[in-house]
Amino acid sequence: MADQAFTVTEDDVRAMLLAADSIAGQAGRNMLAKVLKGSRDKKLLALGLDNSPAYGYFRMLTLDQITERVDWMILNDFLAIDRNRDMPLLVFTDRGWDIHIENMSELLLKQWETWDKTVPTDMTYLKDRNRSMILLFLEKVAHTGDARYIPLLQQWAPLDYRKVREAIGKVIDHLEKGHSEPLMLEGAHRSFYCTPGEPIIEPRGSERLKCWECGKRFEWTVEEQDKFRMRGWNPPKRCESCREQRQKQREAWLWE
Ligand SMILES: [Zn+2]
């Protein structure tokens, strides 16, 4: 791989995932780059993508520089290209989604920290969000042990659906009684790919995959990974010799 002329920070990754949330499954790499640029593109504005909290995050960079970083997200397994549609769409990988959900719940909590909890607040913005993220956020509120959050919870509860309302009730109870053990809410997001507080950017290297056909382990090199990810392909299932074997069989069959 060519030497990378830029660095991507953990905050950059989180911002790009945040921007991706507004376009995932609807648009491709170019649209994500435009959102991060803060572009006044007509289609972007028509889709309301200028409302993304990450709109204009990279406004100091050129579109080409931003696209390089978007591609870096794909190569590093935070985002993926889905080519099974009419046009290639950008989607979250499991790892990218995991980090994003964790990040969203963290951002909501940080927002609450800064608010004056005694002032009545419109809580409708929390309704109809991803349920597992909202429940994770509620766990985090419970974990603060801070009873000053109770008025905010009380204003939110009547607006939301029964399942969330019940969870809010548990958090209020938890904070009122000052329980010390963590509150676990059923259906809250559980991370498989990231641990809060640990770095999310990992150095890349070749991966060891297992061949479906002969069962042998084989190296999936970084160059090969780049090729597969940018084309929106799934990781290879077979080792190189099994792949060649299959190719030969297919050719033989064609010429029979
Ligand atoms: Zn094999």
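**View 1. Leu 209 stands opposite Phe 218 in strand 4.** This view is taken from a predicted model, in which local features need pLDDT of at least 70 and side-chain atom pairs count only at pLDDT 80 or more, whereas totals for chains, interfaces and linings use all residues. Residues are numbered from 1 along each chain as its sequence is written, and side-chain values use heavy atoms, with hydrogens and water left out. Strand 3 (residues 207–210) and strand 4 run antiparallel and are joined by 4 bridges; two strands pair if DSSP finds at least two bridges between them. Strands (E, at least two residues) and helices (H or I, at least four) are DSSP runs numbered from the N terminus. The two strands form a hairpin with 6 residues between them. In its turn, Gly 215 has a positive phi of about 80°.

**View 2. Strand 4 (residues 217–220) has a covered and an uncovered face.** Phe 218 and Trp 220 belong to the covered face. Arg 217 and Glu 219 belong to the uncovered one.

**View 3. Trp 253, Leu 254 and Trp 255 make a nonpolar surface patch of about 500 Å².** Patches consist of residues with over 30% relative accessible area and no salt bridge; like charges are joined within 9 Å and nonpolar side chains (Val, Leu, Ile, Met, Phe, Trp, Tyr) within 5 Å. A salt bridge is a side-chain nitrogen of Lys or Arg within 4 Å of a carboxyl oxygen of Asp or Glu. Accessible areas come from the Shrake-Rupley method with a 1.4 Å probe, and for residues only the protein chains shown count as cover. Trp 255 is found in helix 10 (residues 240–255). Trp 255 counts as exposed because its relative accessibility is 74%; exposed means over 50%, buried under 20%, and partly exposed in between.

**View 4. The largest nonpolar core has 64 residues.** Such a core is a set of buried Ala, Val, Leu, Ile, Met, Phe, Trp, Tyr and Cys residues joined through side-chain atoms within 4.5 Å. Trp 112, Leu 138, Leu 153 and Trp 156 have the most contacts inside this core. Helix 6 (residues 131–144) gives the largest share of the core, 8 residues. Domain 1 (10–92) and domain 2 (115–177) both give residues to the core, so it lies between them.

**View 5. The domain assignment gives the protein chain three parts: domain 1 (10–92), domain 2 (115–177) and domain 3 (207–255).** These bounds come from an automatic or database domain assignment. The centres of domain 2 and domain 3, taken over C-alpha atoms, are separated by 49 Å.

Conventions: Buried < 20%, exposed > 50% of the residue type's maximum accessible area, 1.4 Å probe, protein only.
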